[in-house]
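Subject: Handing over a structure

Dear colleague,

I am passing a structure on to you, with some notes on what was found in it. Please have it open while you read.

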Amino acid sequence: MKKQLFILAVILSITSGCSDNKKAVENEVPNNTLSDFDHKETQYYSNGRRLYKSICQNCHMENGEGLGRLIPPLAKSDFLTKNRADLPRILKYGLHGPITVNGIEYNQPMPANPKLTDIEVAEILTYIGNTWGNGIGSFTTEEVITSLSEKE
């Protein structure tokens, strides 16, 4: 009887752990554009997800909703769509000064990430740009290099 209870407890803990992971994945809400991605773009998205979790998630949250009026949301962000060409520079060099996202002004500095490679910038932006209601497509390293070479 004790052995059966132990097995039941193990099964329940595994099941609840899986449902927590399912909820975390559901919060990401990838867009339909992902089905149009080729192998390279899919790899960028996957690597970008991993990088986002280690670099960006602390401020912008797991679900991309930001932090109140301090950190702007990345989810369903009109700023991403309107400023696509600037996004690589913002991610790599940071941002200072006010910005407006979805009609709300934010004025908290975003720190620079100068150690990110061009491909890592493209991967993170491909992930962010195709998750949480954003549909701005994938980024290429060439697009990142062009953006980074432009003056701010």
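In what follows, a residue is called buried when its relative accessible area is under 20% and exposed when it is over 50%. Please also keep in mind that this is a predicted model.

I begin with helix α7, where Thr141, Val144, Ser147 and Leu148 are buried. Viewed down the axis of α7, the buried residues fall within an arc of 125 degrees, so they line one face of the helix. On the face turned away from that buried side, α7 carries the exposed residues Glu142 and Ser149. The cover over the buried residues of α7 includes α2 (39-55), α5 (87-93) and α6.

On the α6 side the contact is made by Asp118, Ile119, Val121 and Ala122, and on the α7 side by Thr141, Val144, Ile145 and Leu148. These contact residues divide into six nonpolar, one polar and one charged.

Lastly, the aromatic rings: four aromatic pairs are found in the whole structure. One of them joins Tyr52 and Tyr127 in a tilted arrangement, at 5.6 Å centre to centre and with 50 degrees between the planes. This pair links distant parts of the chain, since Tyr52 lies in helix α2 and Tyr127 in helix α6, 75 residues apart. Both Tyr52 and Tyr127 are buried, and together with Tyr45 and Trp132 they form one aromatic cluster.

How values were computed: Residues numbered from 1 in each chain as written. Predicted model: local features only at pLDDT ≥ 70, side-chain atom pairs only at ≥ 80, totals over all residues. Heavy atoms only, no water. Contact = heavy atoms within 4.5 Å. Helix = DSSP H or I, 4+ residues; strand = E, 2+ residues; numbered from the N terminus. Nonpolar A, V, L, I, M, F, W, Y, C, P; charged D, E, K, R; others polar. Buried < 20%, exposed > 50% of the residue type's maximum accessible area, 1.4 Å probe, protein only. Arc of directions from axis to C-beta. Phe/Tyr/Trp six-rings, centres within 6.5 Å; stacked < 30°, edge-to-face > 60°.
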